[in-house]
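The sequence and structure come first.

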Amino acid sequence: MGEEFSVLQGGCGKQACLRRRAEYPAQKFYGQRHAITGRLVVLFVLRTTCPELHEGQFYLRLIYDNLKKTMNSISALTYDVKEDGWETSTGFIKREVTMPALDEKANPKDVLAVLLEIQYAGVCGTDRGIWNRQVFKELIHQTLERENKSTRILGHEFVGRVVEAGSQVENLYGIRVGDNVSGDSHVTCGRCFQCRVGEEEVCQDQAILGISTDGIFSKYAKISAKNLWQVDFSRIRPEICAMLDPFGNAVHSCSKVELRGKRVAVLGCGPIGMFTVLLARAFGAVKIVAVDILEANLNTAKELGAHEVVLLRKRDDIEADPGLLQRIRELTYDKGVDVTFEMAGPNASVNNALAITRGGGEVVLFGLKDGDFVIPEFKDAIVKGLTLYGVIGRQIFQTWQTSQRMLSDKTNGIQEKVWKHILKEGRDTIIPLDSYSKELFEQKMAEHAKILIKF
Ligand SMILES: [Zn+2]
Ligand SMILES: [Zn+2]
């Protein structure tokens, strides 16, 4: 029946009534907050005639019509293939896009979709790559062509509230209107071989939010409910819930190897490398060496628990850095590290990983860069008996479960450190969409490893 509202200064909408509505006595009626705007939608009016004997529901209908009129477009951060062009633009372009809506008659798949009100969205390395038009050109363009449109809404890391749910969403996934959710950025098919055997992170037919399907850099987004993850803000603060996707990348990477008692190197200390430092420590690594080309990132890595840091100079060579190799030997009594996490991506960093890992050790390859790589003396990797792992995305939902537990446990300090050292307690790292400008974003992305957008 909805909430009961007992006070309404209302009339029927006829001119005479509108002019004089403040004089009418209160009427009792039942209404419901509209899911999107929080404004009132009337379900049932007890007194259907106004004091002037006009039909009483007109005025109330007027409210609802206005509502629909004002909500047909929303601001979003986008890339448009026609208006912006890949070669002729950079950054995210703020423009008005159509307000998403569930329409099960027109789109039968909407029975399994939700409309989300986005609260926070994370800007990640992939988004920075798109900002500079360095990654995913083909995928964005091909998928837009397939969808027969030119604008891609960007963004894939989010936390939001469900404001509308397709008719089968609760049945299948237990998600309801009002739930707070984050979710996996990989929209997997659920039908292919890998999906059916529980390896959805390597689904054969997946879309990625903000790349091959519209993302979440907008106040409202329509998303498939399948890979949503319910969150509880009393366990994990909303700003950090918006980072569960990249945090999960680090959890997934760490889950590939045994870390108890191990000496570990983390190559590349952007946010996911930073999370890896935190997790490796929690999972029992005894020596963590953080490596990066930015001093600021290494300072953060230290605050997060890295035992040693190594600052690399930026080079054009693809070969392993002899200085790094020597330093790792010193730190490991000439053995090399047991496990290396390659979280950066460049060719040289992969060669560094292969070089600094001890014989019989393990290398987790997570950093992604387009193009051909050269690995000098590849046979060394075999002769050394290395084990290599490629890691993509997150295991759905094993990784999410582990992430939630690691962040919820207040005694391990992980959530607090992410908030304090990576998000800097929100100081200057959380930018409202309303104040978006290209210049401001460029500046904030240069100043901070991680920034969030607030909607
Ligand atoms: Zn991301
Ligand atoms: Zn699949």
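Of the 455 residues of the protein chain, 50% count as buried (under 20% relative accessible area with a 1.4 Å probe, protein chains only; exposed is over 50%, partly exposed in between). The model is predicted, so local features need pLDDT of at least 70 and side-chain atom pairs pLDDT 80 or more, while totals for chains, interfaces and linings use all residues. Residues are numbered from 1 along each chain as its sequence is written, chains are lettered from A and ligands numbered from 1 in the order written, and side-chain values use heavy atoms, without hydrogens and water.

The chain holds 16 helices and 21 strands (DSSP runs of H or I, at least four residues, and of E, at least two, numbered from the N terminus).

**Zinc site**

The zinc ion (ligand 1) has three protein donors, 2.0 to 2.4 Å away (N, O and S atoms within 2.8 Å of the metal, or 3.2 Å for Na, K and Ca; water is not among the atoms, so sites may look incomplete).

| Donor residue | Donor atom |
|---|---|
| Cys124 | SG |
| His156 | NE2 |
| Glu157 | OE |

Their spacing along the chain is C-x31-H-E. Cys124 sits in the loop between strand E6 (113-123) and helix H3 (125-131), and His156 in the loop between strand E7 (151-153) and strand E8 (157-165), so the pair ties together parts 32 residues apart in sequence. Cys124 and His156 are both buried.

**Thr78**

Thr78 belongs to strand E4 (residues 73-80) and is buried, with a relative accessible area of 0%. Its side chain makes a polar contact with the side chain of Arg95 at 2.7 Å (a pair of N or O atoms within 3.5 Å; within protein, one must be able to donate a hydrogen and the other to accept it, and residues adjacent in sequence count only if both atoms are side-chain atoms).
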